[in-house]
Amino acid sequence: MRGKTMRITAASLILLLSISAAGAAIPLPEHPRPDFQRSRWLNLNGSWKFAFDSENKGVEQEWFSGNKDFSLTITVPFPWGSALSGVKDQADIGWYARSIRVPSDWKGQRVFLVVGASDWHTTAWLDGKKLGEHQGGYTPFAFDLTPMLQFGREQKLVLRVDDTPHKFKLEGKQGYGRAAGIWQTVYLEARPAVAIETVHFTPDIDNKKVTVKVTLDQEAPVDLAFELVPLHGDVIRGPGAKQTIAKGQKTLQYDLGIPAVRLWSLEDPYLYEVEAVLRNTGGIIEDRVRTYFGMRKISTGVLPGTDLPYVMLNNKPIYLQLTLDQSYHPEGFYTFPSDAFMRDEILRTRSIGLNGQRIHIKVEIPRKLYWADRLGVLIMADVPNSWGDPDEKMRAETEYALRGMIRRDYNHPSIFSWVNFNETWGLRTGDKGYTPETQTWVESVYRLTKELDATRLVEDNSPCNHDHVATDLNTWHAYLPGYGWRELLDQICRDTHVGSTWNYIGGRRQDGDPMFNSECGNVWGYEGSAGDVDWSWDYHIMINEFRRHPKACGWLYTEHHDVINEWNGYWRFDRSNKYTGMSDLVKGMTLNDLHGKFYIASERELCRAVRPAQTVETPLYASFMTDEQAGNELVLDMELYGWNTLGVQRRYWRGRRTIPYTPWMNKELPAAEITMPEEPGLAVLTLTLKDRTERILHRNFTTYLVEEGPSPREQATSSRRSGRQHVVRFAPHTFSDAKWSLKQWNVLDGLKVNGAGSGYFEYQIDWPSSLALEDIQNATIRMELSAKQLFGKDREGAAKQEGDFMRGKGTHDPSLNRNAYPMTDETTFPSAVRIRAMGESLGVFELPDDPADHRGILSWYSQKRDRFLREAGSYGYLIDAGLSKDMLQKAYAEKKIILRLEVDEALPGGLAVYGERFGRYPVDPMIVFSLTQRP
């Protein structure tokens with residue numbers, strides 16, 4: 001919070017310094033609950049003594065009494081087994097121990113041990129005396145230490161956590177890394193004899209007020225005064241300056257007026273920061289809690305000018321563009337290494353133009369939710385799932401977690417939706433499946449959620465099986481290749497209407513709720529999953545289609561970052577960058593352009609085959625999901641450029657047209673008539689939308705393969721630019737010899753050839769019979785080449801992936817997936833090729849990487865539509881190497897041109913050779929002879 005302060009007494013400071021002196025600095029030192037913070041608290045994160053109890057004998061042997069030497073050291077609050085904990089996972093039960101000293105000036109207060117979250121069954125002792133126990137892995141709990149405390153003196157605190165697997169336990173995706181034991185901040189907190197348990201704020205922006213509900217941890221022993229003190233001069237007023245909680249009462253509810261409401265919005269996520277003050281009638285301060293709320297409203301309504309139901313933020317439609325956030329860290333699992341990292345997770349989402357995240361089947365850490373509140377990012381909050389049957393114990397665990405999550409997170413304005421279940425996980429009973437009885441219970445959980453929080457939207461189940469029972473959002477999941485989205489969205493939009501049974505189970509029907517995709521992408525759209533591939537090509541097509549189908553009020557892409565069994569994140573698991581390559585195709589274009597309020601979609605296929613000189617009617621669709629004032633018309637700049645089959649880049653055409661603008665407009669525009677280049681090649685049509693001040697609102701593009709069939713093996717050309725030329729082409733797979741240290745193989749019948757490790761390809765090209773040596777001015781070899789990494793799937797005798805990949809259990813080498821071709825990122829795989837002609841070196845040429853992204857247009861175009869990928873998106877670098885006169889003379893004499901492409905064992909980065917229908921450029925390997933001009 002702005003202006004946050006923390007009072008540290010001398011004794012507190014000694015405790016903090018002693019922890020630091022004993023080991024590393026305290027991890028996650030910030031108060032874990034900016035939304036509910038008392039000033040007297042002591043962080044217990046850091047080094048604890050630790051021991052595993054694999055035989056479950058610790059209680060019997062009274063390890064809590066201090067007679068056991070805990071030989072390991074663990075760093076709290078990281079779950080055991082995570083790298084940041086410093087402890088390998090060796091058992092299901094772990095014991096923690098450390099000394100504490102509660103400051104003397106806390107006398108007169110009750111002192112609690114607060115655990116943010118510990119999975120799963122936690123028991124605590126102080127100096128061998130039991131404090132209590134708690135069952136549940138996701139929400140906070142506390143033990144009262146007061147009866148056993150000796151203020152100012154060192155005492156021994158011991159915790160035992162049992163994380164033994166049970167089918168009814170809520171585990172979510174803990175196959176990515178177990179949240180075993182303590183995984184959120186542990187701290188001591190001083191509270192008065194009667195303390196505030198919760199302060200919940202329910203904003204009402206329509207009536208300029210907020211309803212305040214205060215709950216005490218026990219009935220008031222006398223009349224108590226309560227008030228909210230604004231911390232930043234905000235004007236709030238109620239029926240009186242103070243409220244009274246009468247003797248014998250435990251709750252208070254009243255309205256506070258806010259005359260000049262400053263809304264919480266994505267553009268201005270303003271927080272009203274207050275201090276909740278509880279006093280006795282004598283005026284002595286008893287309890288102070290700093291908290292905050294946002295004045296915002298979540299509801300449903302219709303998109304202006306239509307009857308389409310949409311989610312509304314502050315009475316205005318919001319086009320939801322969200323990402324699934326597995327919320328995992330490779331070294332901390334459920335727990336992030338720092339507050340800055342959590343902040344940056346939210347910033348990452350905002351930086352690419354998204355407006356929200358779905359925290360997937362995990363109750364999120366409060367400080368991350370705080371950053372979503374502060375930075376203006378919406379959150380869908382999931383309840384974790386079990387993987388067993390929905391028996392009585394599972395139902396109790398689910399309802400306990402749900403109640404605790406809503407109680408803790410009620411005040412976070414960023415949360416707009418609660419998601420009770422995901423994909424019917426944990427809801428199937430053996431062979432009976434999703435029974436009517438369980439459906440009735442799921443409906444009751446939906447009703448319970450609405451009772452606990454009527455201010456947010458609730459999903460009964462985020463489904464992939466069309467099995468809603470009661471929900472505020474008609475959500476659905478789909479994973480497809482890019483080419484499948486048009487047909488699917490057409491069908492879904494047809495079947496979405498009041499009374500439709502589509503997407504509901506048990507005879508239930510739609511009742512007009514907003515229709516929203518709550519998981520999408522290509523990751524599970526290919527057989528055996530997509531593996532690590534360029535997701536951006538399919539993504540681009542998918543987003544174009546979503547914008548053409550405004551009946552869907554938004555989408556939610558899987559996912560924010562890679563995890564151990566899915567590699568389709570915007571970022572790698574370590575949060576390093578991936579590169580789409582779009583900015584090389586359209587200057588300045590980024591993912592933000594695919595997530596903008598203003599959007600122009602074009603061709604349904606991102607690469608379409610056309611004939612040379614053909615006049616093409618290019619479709620244009622305007623999707624303006626905003627009420628921004630941008631004048632009555634906008635300007636669309638269009639440019640057609642590309643490469644011919646010689647690899648020469650050309651600018652072919654430029655045009656401009658005006659587009660009428662009205663807020664929330666979604667409609668097909670008149671097509672643009674564009675004449676394709678007269679020469680074969682690959683053309684890119686760029687679309688840049690501007691307002692009348694030339695401010696760029698959006699960028700997009702589509703591409704055309706201009707072809708008349710395969711390029712001729714020999715071709716004589718003449719132009720004013722290039723003069724007379726004679727071109728000799730040869731396909732990549734026509735090499736006469738090849739030898740590679742690791743492997744050699746071809747892709748799609750030789751559209752691309754690969755050699756891994758060190759080695760060579762050798763080509764023998766017949767000298768053109770019509771070409772006289774004396775006519776040649778110079779000659780250049782031109783090829784598209786890249787490095788070539790040997791992935792697991794391509795190794796001889798490669799093992800198959802094994803395990804439950806949905807849960808993250810099994811082998812997780814992404815390159816074992818047959819579809820995989822890792823997307824371009826910060827880690828490069830370089831190589832270098834020496835090109836020889838007639839035995840003589842033409843030079844060594846650096847090949848910086850083995851990339852795959854949007855720039856591999858032709859590699860995507862050539863893919864078969866059979867739900868398998870073959871090095872999709874891969875491409876190389878255009879390499880030119882000149883032949884000397886001596887080489888030409890020798891080749892002419894032998895009537896053969898012998899070329900060798902060599903990769904030395906000093907840098908065995910392999911080599912890929914691309915043909916004219918694969919890679920980035922529409923070129924086969926070729927020799928271009930420049931000829932003398934005829935008189």
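Let's start with what covers helix H6. The cover over its buried residues includes strand E28 (474–479), strand E29 (515–521) and helix H7 (536–548). Keep in mind that this is a predicted model.

Which residues of H6 are buried? H6 spans residues 485–494, and its buried residues are Trp485, Leu488, Leu489, Ile492 and Cys493. Look down the helix axis: these buried residues fall within an arc of 125°, so they line one face of H6. Now turn to the face pointing away from that buried side. There you find Glu487 and Arg494, both exposed.

Next, the aromatics. The model has 51 aromatic pairs. Take Tyr292 and Tyr370. Their ring centres are 6.1 Å apart, with 55° between the planes, and the pair is tilted. Tyr292 belongs to strand E19 (residues 285–293) and Tyr370 to helix H3 (residues 366–375), so the pair ties together parts 78 residues apart in sequence. Buried or exposed, these two? Tyr292 is buried, at a relative accessible area of 0%. Tyr370 is buried too, at 2%.

A second pair: Phe598 and Tyr661. Here the centres lie 5.6 Å apart and the planes stand at 45°, so this pair is tilted. It links distant parts of the chain. Phe598 is in strand E31 (residues 598–601), while Tyr661 is in the loop between strand E35 (649–660) and strand E36 (666–675), 63 residues apart. Both Phe598 and Tyr661 are buried.

There is also an aromatic cluster. Its members are Trp535, Tyr539, Trp555, Tyr557, Tyr570 and Trp571.

Charges over rings, quickly. Arg98 places its charged end over the ring of Trp48, 5.7 Å from the ring centre. Lys156 does likewise over the ring of Phe70, at 6.0 Å from the centre.

Last stop, a sheet. It is open, with five strands in the order E41-E44-E51-E48-E49, and the pairing is antiparallel. Which strands stand at the edges? They are E41 (737–740) and E49 (840–847); each has a single partner strand, so one side of each is left without a neighbour in the sheet. From one strand to the next, the twist averages 15°.

Zoom in on E48 (residues 831–837) and E51 (residues 896–903). They run antiparallel and are joined by four bridges. One to find on screen: Ile835 has Leu901 in E51 as its bridge partner. Helix H11 (residues 885–894) packs on this sheet, touching E48, E49 and E51. The direction of H11 makes about 125° with that of E51.

Methods: Residues numbered from 1 in each chain as written. Predicted model: local features only at pLDDT ≥ 70, side-chain atom pairs only at ≥ 80, totals over all residues. Heavy atoms only, no water. Buried < 20%, exposed > 50% of the residue type's maximum accessible area, 1.4 Å probe, protein only. Helix = DSSP H or I, 4+ residues; strand = E, 2+ residues; numbered from the N terminus. Arc of directions from axis to C-beta. Contact = heavy atoms within 4.5 Å. Phe/Tyr/Trp six-rings, centres within 6.5 Å; stacked < 30°, edge-to-face > 60°. Lys NZ or Arg CZ within 6 Å of the ring centre and 35° of its normal. Pairing = 2+ DSSP bridges. Axes fitted to C-alpha atoms, helices over the stretch in contact; angles between N-to-C directions.
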